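Please consult the sequence and the coordinates alongside the text.

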Amino acid sequence: MSNASHLTLDLNAPCMSTGHLVVAKGADCEALSLPVFCLNKGEGPRLLITGGNHGNELEGPIVSRRLVEWLPEAQTCGRVIIVPEINPLAVQAWTRNTPVDGKNLNREFPGRADGSVTERIADAVSRLLVPMADTVFDLHSFGPQWEFPPSVVTHPIANAALMAKTVKMAEAFKFPMTLIWEHDDTPGMFDTFVHNQGKVFICAELGGGAVGSEVLSIYEAGVRNALIALGLIEEEAECPTFRQRKSSQTFETLLSDRLKSPAPGIFEPRCSVLDEVKPGDLIGVLHPMESLSAGSIDIRAPAGSVVCAVKSARYMEVDEAVAMLARPLER
Ligand SMILES: [Zn+2]
């Protein structure tokens, strides 16, 4: 057996196969074996679904496992490859970054075959899986610190045709929110690597906070809707119900829409995601804790907008993001 990263299954084999993506061992850790599911039903779209890129976002691995159960009955054409956790070290540690080298897998693409373990994972995924797909769904969530609605997020892409295709694919999930997110930290992202090859990359942000059964059903319904839109399964798409509402809207958020903590202290949220706010409406309160003579500080909406993310109550350093606002996308 080769010492280099490799697959133990043939992704071109007909019907269903399971095996592993083996990530080569290095100086910092032994080889990793990432379970891979592949279902080949001939001609059609070629889709790669990954979860567990960040180890404290467990919605993706759970929805991926559910998908593996019902897809063999439902898929009618094309090929779907599913890797429920691409960073098992981070998942086991319930950390965003890989504990062995401290790196964020989603900033290490396309990785390095002779790098540290996070770079070796990125390299194996980039070289052995991405070339086998035309579309990639990477299933994230906003993690335990944020309240966030089930969403698909995309960063602005310079290639206008690819941007239009990506937004159309994102909206096909029919999640409560599709978000065009201006971001200042995109080098090394899985998104950027796949976009640079002209392929559609979907970053599903499957909510935030606690992982409960109701939201998991919404996430699974959204992924099912996307598979229907791709033509991989023949069913009726349905808009999932989120907080008594069956609606899905596309928003845009800019760097300037991030509200930050004005001082160190405990942040208390005073709004919920998808709330519409007017200029001056209260978003949250920051409570300095060193002295009770220092008053609490109101954090207010600077403009009319919709709340797309709000931090759970916790201790904040100064300038930490506490909320993100957005506006309906104008087209
Ligand atoms: Zn993530």
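How many residues of domain 1 are in contact with residues of domain 2, and how many of domain 2 take part? In this predicted model, 14 residues of domain 1 are in contact with 13 residues of domain 2. The points below are grouped by topic.

**Domains and their contact**

- The chain is divided into two parts, with domain 1 covering residues 6-252 and domain 2 covering residues 258-328.
- Taken over C-alpha atoms, the centres of domain 1 and domain 2 are separated by 30 Å.
- On the side of domain 1 that touches domain 2, strand S7 (146-147), strand S9 (177-181) and strand S11 (249-253) are the elements that give two or more residues.
- Strand S11 provides the largest share of that side of domain 1, namely 4 residues.
- By residue class, the side of domain 1 that touches domain 2 consists of 8 nonpolar, 4 polar and 2 charged residues.

**Nonpolar core**

- The largest nonpolar core comprises 90 residues, and those with the most contacts inside it are Ile81, Ile202, Cys308, Ala309, Ala323 and Leu325.
- Helix H6 (residues 213-230) contributes the largest share of this core, with 8 residues.
- Because domain 1 (6-252) and domain 2 (258-328) both give residues to this core, it lies between them.
- Neighbours within four places in sequence set aside, alanine 323 is in contact with Leu259, Ile283, Gly284, Val307, Ala309, Val310 and Lys311.

**Four-stranded open sheet**

- An open sheet is formed by 4 strands in the order S16-S15-S13-S18, with antiparallel pairing.
- Strand S16 (297-300) and strand S18 (314-316) are the edge strands, each of which pairs on one side only.
- From one strand to the next, the twist averages 35°.
- Strand S15 (residues 282-287) runs antiparallel to S16 and is joined to it by 4 bridges.
- Leucine 286 has isoleucine 297, in S16, as its bridge partner.

**Proline 131**

- Proline 131 is located in the loop between helix H3 (117-129) and strand S6 (135-140).
- Is proline 131 buried or exposed? Proline 131 counts as exposed because it has 12 C-beta neighbours inside 10 Å, and the exposed class takes residues with 12 or fewer.
- Proline 131 and alanine 237 are 106 residues apart along the chain, and their C-alpha atoms are separated by 28 Å.

Terms used
Residues numbered from 1 in each chain as written. Predicted model: local features only at pLDDT ≥ 70, side-chain atom pairs only at ≥ 80, totals over all residues. Buried ≥ 20, exposed ≤ 12 C-beta atoms within 10 Å, placed from the backbone. Core = buried A, V, L, I, M, F, W, Y, C linked by C-beta atoms within 7 Å. Domains from an automatic or database assignment. Contact = placed C-beta atoms within 7 Å. Nonpolar A, V, L, I, M, F, W, Y, C, P; charged D, E, K, R; others polar. Pairing = 2+ DSSP bridges. Axes fitted to C-alpha atoms, helices over the stretch in contact; angles between N-to-C directions.
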